[in-house]
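Trainee: Please show me how to read a model like this one, feature by feature.
Mentor: Let us look at the structure and then take the features in turn.

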Amino acid sequence: MAFQAARATSLAMIVPTSLAGTITHARKNNVLWRSVLPIVIPGLFGAVVGVALANILPGAMLRQYIFPIFLAVMVVRLSLKAKKD
């Protein structure tokens, strides 16, 4: 499967999975609704920027450099947050 198709398929699955999770947790009153907008708005912005970059940058560059760097940054960020907590 081409990288573009794999990425599009993955992104397409995020929407129904997120909706199913939200509905399930909302029924159990596990959703902090006041937190939704501060999470969704930056997420939508990031999605738009990510799609724009994905259409501009070559797939090989995304696969070999951008995505691994992103993962490394997230690992460090989450590790520091876990250590702080």
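**Reading the pocket, helices and loop**

Mentor: Start with the lining of the largest pocket: 22 of its residues are nonpolar, eight are polar and one is charged. Here Ala, Val, Leu, Ile, Met, Phe, Trp, Tyr, Cys and Pro count as nonpolar, Asp, Glu, Lys and Arg as charged, and the others, Gly among them, as polar. The model is predicted: local features need pLDDT of at least 70, side-chain atom pairs count only at pLDDT 80 or more, and totals for chains, interfaces and linings use all residues. Residues are numbered from 1 along each chain as its sequence is written, and side-chain values use heavy atoms, with hydrogens and water left out.

Trainee: What volume does the largest pocket have, and which residues are closest to its centre?

Mentor: Rolling a probe the size of a water molecule over the atoms shows where empty space is left. On a 1 Å grid over the protein atoms alone, a pocket is an open set of points where a 1.4 Å probe fits, with protein on both sides within 12 Å along at least five of seven lines; lining residues have an atom within 4 Å of a point. The volume, the space filled by probe spheres set on points joined across faces, edges and corners, is about 1400 Å³ for the largest pocket. Its lining has 31 residues, and Leu-11, Ile-14, Gly-43, Gly-46 and Ala-47 are the closest to the centre. Helix H2 (36-56) gives the largest share, 13 residues.

Trainee: Where does H3 kink?

Mentor: The bend at a residue is the angle between axes fitted to the seven residues ending there and the seven starting there. In H3 a kink of about 35° lies at Ile-66, shortly before the proline Pro-68.

Trainee: Is Asn-29 buried or exposed?

Mentor: Buried means under 20% relative accessible area, exposed over 50%, and partly exposed in between (1.4 Å probe, protein chains only). Asn-29 has 70%, so it is exposed. Asn-29 sits in the loop between H1 and H2, and has a positive phi of about 55° although it is not a glycine. Ala-20, in helix H1, counts as partly exposed because its relative accessibility is 41%.

Terms used:
Helix = DSSP H or I, 4+ residues; strand = E, 2+ residues; numbered from the N terminus.
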